Amino acid sequence: VIRIDCANIEPTDRGFMAELARAVGGADRDLLGRMAGMASRVILALDTYEAFRISDPWIRQSLLPGLPANVRAVIVGREPPSIAWFGSLGWSGALSVLDLGPLDEQNAIQLLRASGLSAAAAAGVNRVARGYPLALRVAAAGRVDPTLHEAGAPRALEELAARYLEQADDTTRLVLEAASVVRRVTPSLLAAMLPEAAPRDALERLQALPFVRSAPDGLVIHPTLREAIATRLNTKDRALHLRYRQAAWRLLREEVRGAPVSDLWRYTADMLYLIENPIVREAFFPAAGQLYAVEPALSTDRAAVLETIARHEASESAAIAHAWLERAPATFRVVRDREGVVAGFYQVFEVKAFAGRAWPDDPVTTRWRGHLRDDPVRPGDLVLCSRRMLDRERGEAPGPLQAAVFLDVKRLYMELRPRLRRIYWGAYNALDFLPALGPLGFVAVPAADGLVDGRPFRTLMLDFGPGSVDEWLARVAAAELGLNQEDLLDVSARELVIGDDRVPLTRLEFDLLRYLILREGKAVPRTDLLADVWGYSYAGDSNVIEVAVRSLRRKLGERSGSLETVRGIGYRYRRG
């Protein structure tokens with residue numbers, strides 16, 4: 001049996017294959033060949049699969065079809081399979097779905113007896129827990145109120161969590177509440193959130209609890225109970241709940257700067273967990289099954305794509321879409337419904353994918369390329385273009401199809417980090433989305449707007465920053481937690497804001513100042529600035545940093561002292 005815990009790996013094909021290599025004990029590239037020779041029957045078990053839903057299409061379309069004949073896959077999660085597993089293009093003929101309900105009375109009591117309870121006590125506990133394994137463990141760990149047995153399972157679990165906390169000693173309760181606001185628990189996180197507690201003692205208290213397990217990157221409280229405890233804390237003391245999250249954010253931002261590339265996903269997931277914005281949380285970790293599946297367009301999908309275009313596009317826009325379909329069919333991804341029928345499509349591609357090749361005659365992407373020339377990214381950075389999205393029935397109108405597309409785009413975010421720098425997205429109604437997307441960093445780009453078929457076609461852009469997706473998520477979390485340190489910067493306008501004055505910044509000046517602000521109080525080496533802001537691996541005796549710093553100090557005026565020179569190292573930002 002090869003067990004992969006999807007909660008602990010980056011939800012991309014890259015992350016999965018790296019974990020599979022560790023699991024089968026080989027670093028060679030022919031991992032599937034190794035599995036073929038391991039035994040006459042190999043079970044590949046994917047646990048906590050809901051955490052990997054963002055890359056569900058890759059599992060279905062690439063991994064499973066390539067498994068050797070001796071391998072069977074068992075996929076376990078808290079959500080049923082997405083609709084794409086069924087229908088004409090799914091796995092319905094080779095798929096068995098088992099709903100695991102609560103334990104029957106005999107097995108529930110056997111589990112409780114194994115925990116040391118008497119037969120009478122076990123029967124009393126099960127009347128409350130009603131066979132649900134997590135509820136059984138929580139109820140067995142504390143004194144049970146028999147009046148709870150009339151409650152449904154979710155409500156009973158919330159009540160059990162509350163009763164457990166009430167019965168726990170003060171220190172255990174404090175530690176458990178703090179631990180419930182983070183995705184994983186480490187000694188350093190506990191020390192940051194509970195500076196007065198003894199870290200080793202706090203960790204040992206958590207390890208002793210029946211609903212806490214050890215993971216490769218820390219301790220994990222069972223998700224259902226973690227959510228119940230965090231919700232209770234947020235209701236009881238919202239300020240304390242926020243303070244714990246703020247302390248966790250500060251520590252994660254400090255630790256991620258020195259983390260190896262192999263650990264970046266863990267910190268990304270930690271940051272995501274601190275964000276309560278539903279657009280971000282649902283896009284990366286959807287709470288329930290999607291109504292649609294998004295997949296690369298096949299040649300057999302061409303007629304459906306053309307029909308959707310004919311339904312909703314006027315002559316000029318339709319001609320542009322046809323040109324893209326002829327020259328670059330790989331840029332199209334289709335959205336399928338439960339029966340496998342194409343319900344819509346969207347276009348997405350990297351700018352560099354067309355380097356040196358003729359683009360279709362498209363005024364929208366021409367304007368995007370012009371904006372990119374005027375406001376360039378660093379060498380080696382990647383830029384995505386999301387050119388068009390159409391629902392077969394609704395056209396551009398919002399609906400569940402768009403939610404499926406946004407989820408697919410976030411999968412690309414994960415695949416392309418840490419080199420993804422920017423994404424352009426266009427639509428006639430793009431500005432209608434700005435109230436929701438603005439807090440996430442999207443800005444309107446009037447310079448890229450223009451008429452298509454006599455109607456204004458709008459552009460929104462998200463610039464992730466030199467630190468790519470991880471920096472963007474850190475900014476979103478900081479703003480939500482009230483820790484936004486960019487008091488000097490208007491991010492959307494790329495201007496300094498000093499009192500009532502606004503001063504325009506060049507792209508490099510903006511990136512340099514933001515980079516230092518996000519590392520407030522830290523001495524940042526010149527080598528880091530050259531690599532992360534300029535994109536240079538080596539610049540010799542170049543003085544590009546000094547030139548940019550001098551220019552920034554002039555523009556900062558009376559606040560120029562915020563940019564400090566750290567001799568022999570580099571520069572530091574201190575809030576003035």
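1. In this predicted model, helix H18 makes the largest contribution to the lining of the largest cavity, giving 4 residues. That cavity has a volume of about 170 Å³, and 15 residues line it, those closest to its centre being Arg53, Pro57, Tyr292, Val294 and Leu407. Besides H18 (400-416), the elements that give two or more residues to this lining are helix H3 (56-63) and strand S6 (293-296). By residue class, the lining divides into 8 nonpolar, 2 polar and 5 charged residues. A search of the whole structure finds 6 cavities of 30 Å³ or more.

2. The second largest pocket holds about 720 Å³ of space. It is lined by 32 residues, and those closest to its centre are Val256, Arg257, Gly467, Arg519 and Asp532. Two or more lining residues come from each of helix H12, helix H13 (264-274), helix H20 (468-480), strand S19 and helix H22. The lining of this pocket comprises 17 nonpolar, 4 polar and 11 charged residues.

3. Which residue forms a salt bridge with Glu254? The partner is Lys522, with the closest N and O atoms 3.4 Å apart. This pair links distant parts of the chain, since Glu254 belongs to helix H12 (residues 238-256), while Lys522 sits in the loop between helix H21 (507-517) and strand S19 (524-525), 268 residues apart. Both partners are partly exposed: Glu254 has a relative accessible area of 38%, and Lys522 has one of 37%.

4. A salt bridge also joins Asp301 to Arg336, where the closest N and O atoms are 2.7 Å apart. Because Asp301 lies in the loop between S6 and helix H15 (302-312) and Arg336 lies in strand S7 (residues 332-336), the pair ties together parts of the chain that are 35 residues apart in sequence. Are these two residues buried or exposed? Asp301 and Arg336 are both buried, that is, each has under 20% relative accessible area.

5. Arg526 forms a salt bridge with Glu546, and the closest N and O atoms of this pair are 3.0 Å apart. Arg526 is in helix H22 (residues 526-534) and Glu546 is in helix H23 (residues 544-556), so the contact ties together parts that are 20 residues apart in sequence. Arg526 is partly exposed, its relative accessible area being 24%.

6. The structure holds 49 salt bridges. Salt bridges that share partners join Asp375, Arg378, Asp381, Arg421, Arg422, Asp463, Arg507 and Asp511 into one network.

7. Turning to helix H10 (residues 199-207), its buried residues are Ala202, Leu203 and Leu206. These residues lie on the same side of H10, because they cover an arc of only 95 degrees around the axis. An α-helix has 3.6 residues a turn, so residues three or four places apart point the same way. As for what they meet, the buried residues of H10 pack against helix H8 (170-179), helix H9 (187-193), strand S4 (212-215) and strand S5 (218-221).

Definitions and conventions. Residues numbered from 1 in each chain as written. Predicted model: local features only at pLDDT ≥ 70, side-chain atom pairs only at ≥ 80, totals over all residues. Heavy atoms only, no water. 1 Å grid on protein atoms, 1.4 Å probe; cavity = no way out; pocket = protein on both sides within 12 Å on 5 of 7 lines; lining within 4 Å. Points joined across faces, edges and corners; volume = space filled by probe spheres on them. Nonpolar A, V, L, I, M, F, W, Y, C, P; charged D, E, K, R; others polar. Salt bridge = Lys/Arg side-chain N within 4 Å of Asp/Glu carboxyl O. Buried < 20%, exposed > 50% of the residue type's maximum accessible area, 1.4 Å probe, protein only. Arc of directions from axis to C-beta. Contact = heavy atoms within 4.5 Å.
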